[in-house]
Amino acid sequence: MRAAQVSRLEGPEAIEIVDIPEPAAYPDGVVIDVHAAGVAFPDVLMTRGLYQMKPELPFVVGGEIAGIVRTAPDGAHVRAGDRVVGLTLLGNALAEVAVVPAQMVFRLPDNVSLQAGAGILFNDLTVHFCLRNRGRLAPGETVLVHGAAGGIGTSTLRMAAALGAGRVIAVVSTAEKERVARDNGATDVVRTDGWLAAVKELTGGRGVDIVLDPVGGDRFTDSIRSLAPAGRLLVVGFTAGEIPTVKVNRLLLNNVEVVGAAWGEWVMTNPGYLQRQWAEVEPLLASGAIEAPRPVVYPLDRAAEAVASLDNRTATGKVVVTLR
């Protein structure tokens, strides 16, 4: 089978398209003919050996797939021919065939294409975890998201209202990214330069209830300043590269919180949580309450370019690679 493989830790440009053997089936594994696979910022870090989990070289990049079940174990909740999405987690997604534990495979609603499905699990379930579990989103609250035209950002814009938000403010850097943010459901958009003052004006000086921040860097302190009393700043990642620090007196002054939100770690240490998430998110996708992602699609031959677009921050929305 063809696959996008990393054999040296030199960044996304080192990704090569190679022919390798298909993975071996195992007793509780679902064999899936992969049609599309999603990529995310951890894939960038893994190509440089900078992610906290370091797969052994060589490895196939990507952690989420959409495709058609070839075979499934007896008694599994999916069967041959089903359209599914699945999590391979650390690698093994950008390949024509994947074997995925049955508990990490889910039927895809009929109204969601396989290309769009490849962009659902990592980002949408991360956002669901952030807003539901870590952010404790209450009905009518205001959510602000940094990097709003990126994968996590557009998932937040698509999902927040369905999960209860009354207002969703997008922070973006360009006119093109503003268009992407509005197309994905932002109720308000502000530019990166001067964003704090703009948000204060939009909210009548009160601030926002939740900030979802996958960016980090030098805007972190202003994110704390943007919070309303009892607001929550959700730390999702550091695509800006710099890991910020916080002076805790700022938390005391306005009774606000800085909250870590590591969805992958939660899934791995809380059995059954992933299935409970899908049981809530899938009906919202099926009904159209949450729109399917509108991914940026690359063919397999351009997998290195797809991952690099996350590294150089030119990507808008979820990035997906097609394999069939």
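Analyst: Helices (H or I, at least four residues) and strands (E, at least two) are DSSP runs, numbered from the N terminus. This is a predicted model, in which local features need pLDDT of at least 70 and side-chain atom pairs count only at pLDDT 80 or more, while totals for chains, interfaces and linings use all residues. Residues are numbered from 1 along each chain as its sequence is written, and side-chain values use heavy atoms, with hydrogens and water left out.

User: Which residue in β8 does Gly86 stand opposite?

Analyst: β6 and strand β8 (residues 105–107) pair in the antiparallel sense over 3 bridges. Within β8, the residue opposite Gly86 is Val105.

User: What is the bridge partner of Ala66 in β6?

Analyst: Strand β5 (residues 64–71) pairs with β6 in the antiparallel sense, over 5 bridges. Strand β6 (residues 83–87) is mostly covered, with 4 of its 5 residues buried (under 20% relative accessible area; exposed is over 50%, partly exposed in between, with a 1.4 Å probe and protein chains only). The partner of Ala66 in β6 is Val85.

User: Which strands stand at the edges of the open sheet of 6 strands?

Analyst: The strand order in this open sheet is β11-β10-β9-β12-β13-β14, with parallel pairing. An edge strand has a single partner, so one side of it is left without a neighbour in the sheet. The two at the edges are β11 (188–191) and β14 (257–260).

User: In β12, what is the bridge partner of Val143?

Analyst: Strand β9 (residues 142–145) and strand β12 (residues 208–213) run parallel and are joined by 3 bridges. For Val143, the partner in β12 is Ile210.

User: At about what angle does helix α3 run to β12?

Analyst: Helix α3 (residues 121–134) lies across β9, β12, β13 (227–235) and β14. Axes are lines fitted to C-alpha atoms, for helices over the stretch in contact (heavy atoms within 4.5 Å), and angles run from 0 to 180 degrees between N-to-C directions. For α3 and β12 the angle is about 145 degrees.

User: How many of the 14 residues of α3 are buried?

Analyst: Among the buried residues of α3 are Leu121, Phe122 and Leu131. The helix is largely enclosed by the rest of the structure, because the number of its residues that are buried is 11.

User: Which residues touch the most other members of the largest nonpolar core?

Analyst: A nonpolar core is a set of buried Ala, Val, Leu, Ile, Met, Phe, Trp, Tyr and Cys residues joined through side-chain atoms within 4.5 Å. In soluble globular proteins, nonpolar side chains tend to be buried together. The largest core here has 91 residues. Those touching the most other members are Ile65, Leu94, Leu121, Leu131, Leu157, Trp263 and Leu274.

User: About how much area do domain 1 and domain 2 bury between them?

Analyst: The protein is divided into domain 1 (2–120 + 295–322) and domain 2 (135–260), with bounds from an automatic or database domain assignment. Across the boundary, 6 residues of domain 1 are in contact with 10 residues of domain 2. Buried area is the accessible area (1.4 Å probe) that two parts lose on being put together, summed over both. For these domains, with 55% of it on carbon and sulfur atoms, it is about 630 Å².

User: Is Ala306 buried or exposed?

Analyst: Ala306 is found in helix α11 (residues 303–311). Not counting residues up to four places away in sequence, Ala306 touches Val39, Tyr298, Val319 and Val321. With a relative accessible area of 0%, Ala306 is buried.

Conventions. Two strands pair if DSSP finds at least two bridges between them.
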